[in-house]
Amino acid sequence: MSKIRIGTRGSKLALAQTEKVIGLLAENGIEAEYVIIKTTGDNITDRGLHQIGGFGMFVRELDNAILRGEIDCAVHSMKDIPAERPKGLLTIAVLKRDPPYDYLVMNGTMEDLLVIGTSSLRRKAQLLRYYANCSGIRVEMLRGNLDTRLAKLDDGLYDGIVVAEAGLKRLDYKRNGFRMPADMFVPAANQGTVAVVSRDTPELRAAFAPLNDPQSALDCAIERIVMEEVGGGCFTPMGIFCENQHLTAEVLSLDGTRAERITADVMDLEGAKIAGIKLRTVAAELIAEAKLALGESAGPAKKSGKVYLVGSGPGGLGLLTFRAREVIDSADVIMYDQLPGDEIIASLPARAEKIDVGKYGGHHTMKQEDIEKLLVEKAQAGGIIVRLKGGDPFLFGRGGEEMEVLREHNIPCEAIPGVTSGIAVPECVGIPVTHRDFASQVTFVTGHENPEKEVSSIDWKWLAGSPGTIVIYMGVKNLGRIAELLIENGRDPQTKIAVIESGFRPDQRVTCATLADIGEVGARVGLKPPAIIVIGEVVGLYKE
């Protein structure tokens, strides 16, 4: 392809970043040149960034230059790139991250510090917290590019200024000072990272692919998603830092006296959303307070939480998926059924509000419509809400009904699959629900339909005549009648049947019989729910 035109701001730091990209392209045999684009934000140096539209204002004019065809792409500090991108543009490469830390530059000693300059609400709040016991220290506004800020320091207008260490490194500036500890000065999302934004074309994708660092891209994507979920933008002091998928994120009050922080090992981008919702929920008051103080309505800070319909599997911690565990451990509210079992229920996080909505011996602790109403109420209050069910939430778990209600109220909802007991429980006692010699199909059936139905929606004639295995959920109470209906509709009375009670639990029990005698056998041994019923030739494979 022809020489790539790379847009950049005219500051020394922006040019250094762009020249680094040009050098990396050259190493791969691709020619590029830079084009300086003057931005409005460069001319406004007497107001804080939150007052003039934030860092995004520096990016928009470069975006427009790409869309007009004046340049092919632009190089930015990634933290400056707004979340919403114009159609046709994408972040095509994220370079390997430089040191993401803040750095306090000073010409004197620590004892000389009285006035510290920064343009960042985050840094100001963190400085006020760090120097809370040093009554003589003031934190004042400081704008301008890196050279301008350093010049103001050298002119004696400040005793120290806080800047990004990455900027000093890129310009090879050796200045007196020290790196601010990340545990007290959690960096801004994407700080220390250079990214390239371009038109989305195959040629540009191919040219920049070698420059992309996957781990830096993933860590920055996690930080970006957390930032988007928290909201608040330039109006909220917050630090969000992810290193090798370990996340530390906090929101502070403007004066630095209060903060809410979370830490987490984030497996994927969905995990980042969970972390962001969690931080937004615990820090809601600080976010609203900052927006009001800075002249923006606090209304937009209120945002619904997210509901996860989680399948806990057939019983026991060993069959709980990693995804389910991650969501459960992040939950603010957990509404659970009986079927997950004592081991899983005992492992629920202590910090979460736990609400028992299960059914015990025919008694409902809460009607379904009340469960749905409570789900909506809890989600609208914010946070991560887990609706914990046995097995899989969409297989006779009423998860579909609950998702419908949540969608009607515009509440984000996601189902987390679980290992369904209709397969796992027979499997744990050595009964495969399919087998090349005995069953090439399996049918799952509920043994407990909606009691408000006037006519059963189960086609018993078809079911009785269908080959393969029948697996029945929630059928113990109606077991005798189920057997009668199958026989009446043509199923061989000598068909094998197994009832597996309390699968994967210490009191697990298997009762085998035929359709003809299961009613009598069940009454004699005292079958009790929860149980899975398996009907078909595969039952003959069971060995005590």
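Which residue forms a salt bridge with Lys12? The partner is Asp147, and the closest N and O atoms of the two are 3.6 Å apart. A salt bridge here is a side-chain nitrogen of Lys or Arg within 4 Å of a carboxyl oxygen of Asp or Glu. The pair links distant parts of the chain, with Lys12 in helix α1 (residues 12–27) and Asp147 in helix α5 (residues 146–154), 135 residues apart. Helices (H or I, at least four residues) and strands (E, at least two) are DSSP runs, numbered from the N terminus.

Before going further, a word on what you are looking at. This is a predicted model, in which local features need pLDDT of at least 70 and side-chain atom pairs count only at pLDDT 80 or more, while totals for chains, interfaces and linings use all residues. Residues are numbered from 1 along each chain as its sequence is written, and side-chain values use heavy atoms, with hydrogens and water left out.

Back to our opening pair and its surroundings. Lys12 is partly exposed, at 48% relative accessibility, and Asp147 is also partly exposed, with a relative accessible area of 25%. For these labels, buried means under 20% relative accessible area, exposed over 50%, and partly exposed in between (1.4 Å probe, protein chains only).

The structure holds 36 salt bridges, and two further pairs are worth a visit. Asp102 and Arg123 meet through their side chains at 3.0 Å, N to O.

Next, turn to Arg387 and Glu402, whose side chains form a salt bridge at 3.1 Å, N to O. Here strand β19 (residues 384–389) supplies Arg387 and helix α14 (residues 399–408) supplies Glu402, a link across 15 residues. Arg387 counts as buried at 2% relative accessibility, and Glu402 counts as buried at 1%. Salt bridges can also join into a network, as they do for Glu270, Lys306, Arg323, Glu326 and Glu414. Side chains of opposite charge can pair when their charged atoms come close.

Now for a helix and what covers it. In α15 (residues 421–428), the buried residues are Ser421, Gly422, Ala424, Val425 and Pro426. What covers them includes the strands β21 (442–446), β22 (469–473), β23 (496–501) and β25, where contact means heavy atoms within 4.5 Å. After α15 comes Gly430, with a positive phi near 90 degrees.

Positive phi values also turn up in residues other than glycine. Asn190 has a phi near 70 degrees and sits in the loop between β9 (177–179) and β10 (194–199). With a relative accessible area of 1%, Asn190 is buried. Asn244 has a positive phi as well, near 50 degrees, and its place is the loop between β11 (238–243) and β12 (246–252). Asn244, however, is exposed, with a relative accessible area of 55%.

One last stop brings us to the backbone at Pro529 and Pro530. A cis peptide bond joins these two residues, with omega about 0 degrees. Pro530 is found in the loop between α18 (518–525) and β25 (531–535), and β25 is one of the strands that cover the buried residues of α15.
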